[in-house]
Amino acid sequence: MESVTAVVLAGGEGARLRPLTHNRPKPLLPAATTPILEHVFDRLLEAGVTELVVVVGYERNRVQAHFGPTYENVPITYVTQDRQLGSGHALLAAEEAVEGTTLVVNGDQIVSSTVIGDVLAAHDESAAATLGVLARSDVGSYGGVILEDDTVTEIVENPQDDRCYRLNAGVYAFEPAIFDAIRRAKPRAGEQSLTDGITALLESDADVHGVVSEGLWVDATYPWDLLDVSVELFDAGIVDPDRDGVADTATVHESAVVREPVAIAPDCEIGAGAVVGPYACLGENVTVGSNAVVERSVVDADTRIGASATVVDCVTGVGVTVGNGTTIPGGPGDVRVGDRVFEDESLGAVLGDRVEDQGGCTYVPGAVVGSSATVSTGATVRGTLAAGTEVRP
Amino acid sequence: MCGIIGYTGSGTGDVLDVLMTGLSGLEYRGYDSAGVAVANSSLEVYKREGEVSALENAVPDSDLDGLAGIGHTRWSTHGPPTDANAHPHTDDDGRVAVVHNGIIENYQALRRELEADGYTFTSDTDTEVVPHLIRSALDSGADRETAFRQAVQRLEGSYAVATVFNGSETVYAARNESPLVLGIGEDGHYLASDVPAFIEFTDRVVYLEDGQFARVNPSGIVVTDDQGAIVETAVETVDWDPEDAGKSGYDHYMLKEIHEQPTAIRKCLRERVTELEGSIDVAELADLEVEGPVQFVACGTSYHAALYGARLLRERGVPAQSFLASEYDVDAVPLPEGSLVVGVTQSGETADTMSALRAANRAGATTLALTNVVGSSAARECDHVMYIRAGPEIGVAATKTFVSQQVALAMLSSVVSGRGSQEFAQQLRALPDQIQQVLDESTAREVAAAYEDADAYFFIGRGYNAPVALEGALKMKEITYNHAEGFAAGELKHGPLALVTDSTPVFALVTEGDDVSKTLGNVKEVEARDAPIVAVTDIPDQVSAYADHVLEVPSSGPRFTPILANIQLQLVAYWIANRLDRSIDKPRNLAKSVTVK
């Protein structure tokens, strides 16, 4: 078989997903029950990739410990980007680890293997780069590409004018010329972006091709987007309730009710009378106490949901405790992130890693609780709380 | 103590590749010298002092065509690590080459006899008697196999030996009290001290038993007993992912393995603990019945785990004691009827532990192996086995296997005592995330920077923290080469305090439930001598006032918080060794699996 190396950019934190990125980068956040990056690897392998080069940086130990030296027998080489100075800078870190044509993808967005396969098939070495693009209506929030036939004429971040943009899917085949192009491009605010590198290629009259594909493309910008991402994965059949429904090593009490679709990872325990689902994703070693309700939520590993608690429209980090009888009734609610307010988001709560809720608490929709915060018995939680906060009734 | 590999296959030219790959996979067993012998019309022997990479440089680039070959990575027992003492050893004119793991106790008598017959010795090793014995039998007219059998039958002690002859494609092997496993591949056959040596080529194995011989040909393997009768053998398939052995972006295997601990514990607990029912159920131990007291036998880090396990049992009313395996024989430990003797050994091959288990077996005790290696000698010879499921550990300094042993022993204590509780199960299930939390938040690297040039390091702890103090000191010794000692906290004032100065940091393990005020009293004794204090604690409010540095851990009750404290000490030792630029994965003079007594 032909060998295909993919460079996966997984060095950035993804700061807009705080507080969930307190201890790990965005690529390790859960899409359903497995890290986004694991889905990215799966799609790459489906498209025929035989070797992975992963650029790691922010909390890289977590990425390396999760995947180890191989993924499904495909060897992984880790390349460290010590400071995260843009996607172009990240790719430069991998320069020594690759040769010839290189496939490059983002480690924090899930793209169908069709898009990846189309880029690999369309690229020929006469072009300096081939980009995978999609026809989408929401290009303004992401990267836009102007295409004339199959040639890229312009590439723009967050385009706001009304020209006909295609969505940059973040899937690229590059010839080695990209490295010099990134170096040539003038950094913005100290960062070297891949987009500017591609613009530099265009300015040097190199051929940059675009190939229009169809298929799944999901990206989580804010923590609550992880709920939609999981729903999309269920609906697209990527998370398959028959295969990923209830892991063999999970224990579900005979009187518990599992309402599909759900994804319940290994070592979970679900107590008597609990109701889990629909669209409930439980990471490994999660405990759901008796008579608790978990619905439309992404509950990450090692989290414990107490007896008779209600958890709806909720995203948790790892090792969270939701106490007995706590109620997270679910959205819509207003969410405050920095200076911005997002109105009427369907969000029960975002709980950072190891938040400890001592039970009998109530969450006003849209609450965002920082890592390791303590919520005392009987408290009401609203708004956005910093890491380590203590909430008293 | 060493690793051996042998190969014979139908494809020519790849013999050397297989041997070198095998030696890399065995380096954890010892690495002060290495060598290979490849048989064709003559024997080509290459050997070098140093790591396997030194041997790689010494072997000529041109393809070494061969019919069969053997290789060896050595950890010295007889004679210093030199080119001459490296294996393989040969007879006078290079017709026989031998590799050996173990100790030949009667080698001096044999050597005198052979020298008197005119054979010339070129090394200080016990092994060199073997090729001369074989040659002597050949000279008196025996065929190759008979000569090999006659030679081996004269050996007393422990051995796994493998031999090749010039002009032969057969590898002959025998074992007694040293591990040896055969591998059955598509195009050839393998033998080695341990499965990782050839796991890249095959996962189908035959375990050789003590007293058995093997004739390994490209076409097949024949196993015979000491009388020469053919033995039926069972082919087993090992479940071991060969790819688990990469550093995956970490500078050292040790750091990788430290970060693998949450995953290792998940695997250890899987399908054994049910929190909502408060039950602990270890499938392998379903038919274990314990009527008498429990004795643990172990060495090194495993001994520290055993101390921890014995304490857990005692707390639950089961009489339990730990013994150093190397002292168990000579200690004449009384073994009451109905006793259970538990051997704690990562590799399942530790010679001292095996010897103690065999003694217990002979004395009629029930034996149980708590080990990481499926199919190891301990697993096969004991009445019961419980696996710790930590996965392969390459770093010589044990990290994840120690934690997995502790967790497995906690479950064993529940099984043996018949007592479990929802709280106990819950605390066990919380460990993977709590260990992750320590890894996420540890400031051990800064502590290491502050104390990298200390004169010595002391570790004190009480109760469940006492074995952790011993283990913390052992880690520090192993990889930093600095002096370190661990004590039960109360012992400090009975002598060791004389060594405490302002340049000997004291690591105090103070966790809730272990008589905090007493341990703090010991901390104050040290503080009064101006020693820097590093407190490892889950109750910083009570402890910080006495400490120069605090390494905080989550609370998990008196039994389990010490498991978390240990993670901090692993990291401190690692970062100090890293700053001192030590050979962290392969510390000088040490080997991973000690298969000599």
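How many residues of chain A are in contact with chain B, and how many residues of chain B are in contact with chain A? In this predicted model, the contact between the chains involves 24 residues of chain A and 19 residues of chain B.

## The contact between the chains

On the side of chain A that touches chain B, two elements, α2 (60-67) and β6 (74-80), each provide at least two residues. Helix α2(A) gives the most to this side, namely four residues. By class, the side of chain A that touches chain B comprises six nonpolar, twelve polar and six charged residues.

## Chain A as a whole

Chain A contains eight helices and 38 strands. Its radius of gyration is 22 Å, close to the 21 Å that the globule rule gives for 393 residues, and chain A is therefore as compact as a globular protein of that length. Along the principal axes, the C-alpha atoms of chain A fill a box of roughly 65 × 45 × 35 Å. Of the 393 residues of chain A, 58% count as buried.

## Domains of the two chains

The domain assignment divides chain A into domain 1 (5-219) and domain 2 (242-391). Between the C-alpha centres of these two domains of chain A there are 32 Å. Seven residues from domain 1 of chain A and 15 residues from domain 2 of chain A take part in the contact. On the side of domain 1 of chain A that touches domain 2 of chain A, four residues are nonpolar, three are polar and none is charged.

For chain B the assignment gives domain 1 (2-243), domain 2 (246-434) and domain 3 (442-597). The centres of domain 1 of chain B and domain 2 of chain B, taken over C-alpha atoms, are separated by 32 Å. Their contact draws nine residues from domain 1 of chain B and ten residues from domain 2 of chain B. The side of domain 1 of chain B that touches domain 2 of chain B has six nonpolar, one polar and two charged residues.

| Helix pair | Distance between axes | Angle |
|---|---|---|
| α5 (177-184) and α6 (194-203) of chain A | 8 Å | about 105 degrees |
| α7 (261-269) and α13 (422-441) of chain B | within 8 Å | roughly 170 degrees |

In chain A, α5(A) and α6(A) pack at an angle of about 105 degrees, which makes α5(A) roughly perpendicular to α6(A). The residues of α5(A) that meet α6(A) are Ala177(A), Ile178(A), Ala181(A), Ile182(A) and Arg184(A), and their counterparts in α6(A) are Gly197(A), Ala200(A) and Leu201(A). This contact has six nonpolar, one polar and one charged residues.

In chain B, the axes of α7(B) and α13(B) cross at roughly 170 degrees, so α7(B) is roughly antiparallel to α13(B). Helix α7(B) contributes Gln261(B), Pro262(B), Ile265(B), Arg266(B) and Leu269(B) to the contact, while α13(B) contributes Leu428(B), Arg429(B), Leu431(B), Pro432(B), Ile435(B) and Gln436(B). The contact of α7(B) with α13(B) divides into seven nonpolar, two polar and two charged residues.

Terms used
Residues are numbered from 1 along each chain as its sequence is written. Chains are lettered from A and ligands numbered from 1 in the order in which they are written. This is a predicted model: local features need pLDDT of at least 70, side-chain atom pairs count only at pLDDT 80 or more; totals for chains, interfaces and linings use all residues. The radius of gyration is taken over C-alpha atoms; the globule rule is 2.2 Å times the number of residues to the power 0.38. A residue is buried if 20 or more other C-beta atoms lie within 10 Å of its own, exposed if 12 or fewer, and partly exposed in between; C-beta atoms are placed from the backbone. Domain bounds come from an automatic or database domain assignment. Two residues are in contact if their C-beta atoms, placed from the backbone, lie within 7 Å. Ala, Val, Leu, Ile, Met, Phe, Trp, Tyr, Cys and Pro count as nonpolar, Asp, Glu, Lys and Arg as charged, and the others, Gly among them, as polar. Axes are lines fitted to C-alpha atoms, for helices over the stretch in contact, and angles run from 0 to 180 degrees between N-to-C directions. Angles under 35 degrees count as roughly parallel, over 145 as roughly antiparallel, 65 to 115 as roughly perpendicular and the rest as oblique.
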